[in-house]
Amino acid sequence: MAVNNVVHVNECGLPLNAIEWLVKHHQSKAQERGQMIRDLQLKQGSFVVDAGCGPGLWTPLLAQAIGANGNILGIDISTEALVTAQRRSSDTWYSHYVQYKRAALERLPIDYGEADLIFSANVSQYLPDPVATFASMAPYLKQGGRIAIKDIDFGEMHFHGIDAGLQARVFQARERWEWDRIQQGYAYEDSWVGSKLAGYLRAAGFKDVEEKTYRIERRFPLVPNFRFYLQGIAEWFVCEGAPYLSREDMNAWLHCFQSGTCNVMDQEDFMSEETEYVVIGHWDVSRPRYYSDMHIDNARLNHLDS
Ligand SMILES: C[S@@+](CC[C@H](N)C(=O)[O-])C[C@H]1O[C@@H](n2cnc3c(N)ncnc32)[C@H](O)[C@@H]1O
């Protein structure tokens with residue numbers, strides 16, 4: 001059975017994953033994602049901005065890391081996402097740690113020099129000019145504050161048990177389509193962003209940039225959440241008609257993940273491998289800015305403020 005409507009366009013025009021899929025995806029990687037936050041070694045009492053917080057899935061992990069005197073501000077341009085985040089956190093142990101506000105990454109609703117950490121997960125893939133956006137967030141950090149950007153990279157995804165040629169053609173077709181779709185008026189999307197993040201943060205003026213990679217391997221038998229996530233990913237690869245893939249390859253690919261009788265995920269040799277990136281940059285307020293925020297679309301941001 002297909003994971004219907006895994007990709008939808010939210011009210012901001014972004015091609016995002018359905019909330020149910022995002023939640024199951026998050027749960028199925030709970031172990032690695034918990035480790036990502038622990039590895040940030042946040043100080044108790046820190047003030048963290050969760051930039052592009054979506055439905056607030058990272059809030060409990062961040063709340064645990066900053067302790068009772070810490071604070072989290074979750075911001076997002078999508079009201080739909082913020083309403084979900086607010087609903088999910090109400091009546092939870094962490095509800096008093098967090099506030100959610102509508103804002104863009106490029107214009108945070110706090111003063112310059114306030115945040116200990118700006119954390120942003122699975123958002124950089126949608127940024128048309130990531131260097132400009134990261135540079136515009138930097139002044140909101142305290143002296144010595146950090147930015148931590150977490151994202152995916154489909155270049156490091158492999159499925160054992162699927163013909164290697166078919167996988168290569170599907171990945172190449174998707175990558176080509178992501179580049180061409182911008183010209184065709186779709187919102188920006190780069191699912192190969194993870195390995196580019198360190199370069200982007202350096203170009204944005206951050207120093208001592210550290211790249212951490214998290215290998216995510218799952219073997220047969222898959223837990224239901226991970227299976228649901230993979231089925232969604234497989235559909236995402238060939239969504240929007242997959243213009244650079246033959247009909248034959250598209251059907252063969254979907255058959256691998258949707259078949260009731262010979263689904264690859266039910267084969268004993270099945271294994272899924274991927275790598276997620278967390279890239280951390282340190283901010284030194286005395287450092288000259290390399291990149292000004294003049295590239296940011298101020299008209300769009302003013303519209304958000306209104
Ligand atoms: C794939 S979701 C990720 C949500 C969450 N961080 C997570 O990992 O579950 C991406 C989110 O980024 C938000 N977003 C994209 N561009 C943004 C921008 N420039 N400013 C603020 N939010 C943005 C979208 O509205 C969406 O909720």
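How do the residues of the lining of the second largest pocket divide into nonpolar, polar and charged? They divide into three nonpolar, four polar and three charged, where Ala, Val, Leu, Ile, Met, Phe, Trp, Tyr, Cys and Pro count as nonpolar, Asp, Glu, Lys and Arg as charged, and the others, Gly among them, as polar.

The model is predicted: local features need pLDDT of at least 70 and side-chain atom pairs count only at pLDDT 80 or more, whereas totals for chains, interfaces and linings use all residues. Residues are numbered from 1 along each chain as its sequence is written, and side-chain values use heavy atoms, with hydrogens and water left out.

**The second largest pocket**

A pocket is an open set of points on a 1 Å grid over the protein atoms alone, with protein on both sides within 12 Å along at least five of seven lines; lining residues have an atom within 4 Å of a point. The lining here consists of L40, Q41, L42, K43, S46, D116, L117, G144, G145 and R146. Strands (E, at least two residues) and helices (H or I, at least four) are DSSP runs numbered from the N terminus.

**Ligand contacts**

Of the 19 residues around the ligand, G52, W58, D76, A121 and N122 come nearest; a residue is near if one of its heavy atoms lies within 4 Å. The shell comprises twelve nonpolar, five polar and two charged residues. A polar side-chain atom of D76 lies 2.6 Å from a ligand oxygen atom, and a backbone N or O atom of A121 is 2.8 Å from a ligand nitrogen atom. The protein covers 97% of the 600 Å² of accessible area that the ligand has on its own (Shrake-Rupley method, 1.4 Å probe).

**Cavities**

The structure holds two cavities of 30 Å³ or more, a cavity being a set of points where a 1.4 Å probe fits but cannot get out. Volumes are the space filled by probe spheres set on the points, which are joined across faces, edges and corners.

| Space | Volume | Lining by class |
|---|---|---|
| Largest cavity | about 40 Å³ | eight nonpolar, no polar, one charged |
| Second largest cavity | about 30 Å³ | two nonpolar, no polar, five charged |

Helix 6 (residues 164–183) gives the most to the lining of the largest cavity, with three residues. The second largest cavity is lined by E175, E178, W179, E189, D190, W192 and K196.

Definitions and conventions
Polar contact = N/O pair within 3.5 Å; in protein donor to acceptor, adjacent residues only side chain to side chain.
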